[in-house]
Amino acid sequence: RDAEFSYNGKISVFKNVSFSIERGDVFCILGPNGTGKSTLIKCMNSLLKLKSGSISLKNKNIYSMKETEIAKIIAYIPQSDKSIFAFSVFDIVLMGRTPHLSLTSVPGKNDYKIAEEALKGLGILHLKNKTYTELSGGERQLVLMARAISQQPEILLLDEPTSHLDFGNQIRTLEVIKKLSKTGLSVVM
């Protein structure tokens with residue numbers, strides 16, 4: 001509500017931004033480069049703090065919530081992923097379960113099952129044991145979607161989910177987004 005953001009405290013990147021999102025909505029933020037779309041998404045995930053206005057999540061100010069509390073509700077896929085660690089695809093997807101684990105616990109059988117179901121649901125179970133850094137851009141995007149799904153969020157924030165993808169993978173990604181929204185997941189992109 002009435003969101004305003006500034007990196008330097010003087011010049012606003014955006015201001016007077018208000019909207020609400022309901023369960024299963026697909027909400028697209030459109031505009032030219034440099035107008036603050038990515039910045040707004042980062043504010044919605046509490047990675048950046050608004051200059052003024054508010055962001056409410058389940059009637060609570062997002063900035064008063066703990067990171068793990070937010071992560072149980074919101075999953076975020078950034079515009080680009082620069083992972084350099086040679087994790088398996090399954091390990092990347094299993095990382096989506098982190099908000100549901102305590103600091104000293106390890107993933108259990110249910111976490112493994114949820115991660116595998118996320119891979120299966122996106123039709124990429126065959127990539128399970130491949131090294132993430134060796135995948136194509138389209139495959140990486142689907143793995144990040146599977147990680148977000150395994151997080152079991154209510155809201156999915158996607159920062160330019162089809163950038164750097166070929167036409168076929170752009171369509172496939174948009175079809176996945178449509179499918180996810182039909183399950184009740186709210187998507188902001």
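A quick term before the first stop: contact means heavy atoms within 4.5 Å. Select Ile-124: leaving out residues up to four places away in sequence, Ile-124 touches Leu-119, Leu-142, Val-143, Ala-146 and Arg-172. This is a predicted model, so local features need pLDDT of at least 70 and side-chain atom pairs count only at pLDDT 80 or more, while totals for chains, interfaces and linings use all residues. Residues are numbered from 1 along each chain as its sequence is written, and side-chain values use heavy atoms, with hydrogens and water left out.

Next, bring up α4 (109–121) and α5 (residues 137–150); helices here are DSSP runs of H or I, at least four residues, numbered from the N terminus. Their axes come within 8 Å and cross at roughly 140° (lines fitted to C-alpha atoms over the stretch in contact, with angles from 0 to 180 degrees between N-to-C directions). That makes α4 oblique to α5, meaning neither under 35 degrees (roughly parallel), over 145 (roughly antiparallel) nor 65 to 115 (roughly perpendicular). Show side chains: Ile-114, Ala-115, Ala-118 and Leu-119 of α4 meet Ala-146, Ile-149 and Ser-150 of α5.

Last stop, Gly-108, in the loop between α3 (89–94) and α4.

Technical notes:
Helices (H or I, at least four residues) and strands (E, at least two) are DSSP runs, numbered from the N terminus.
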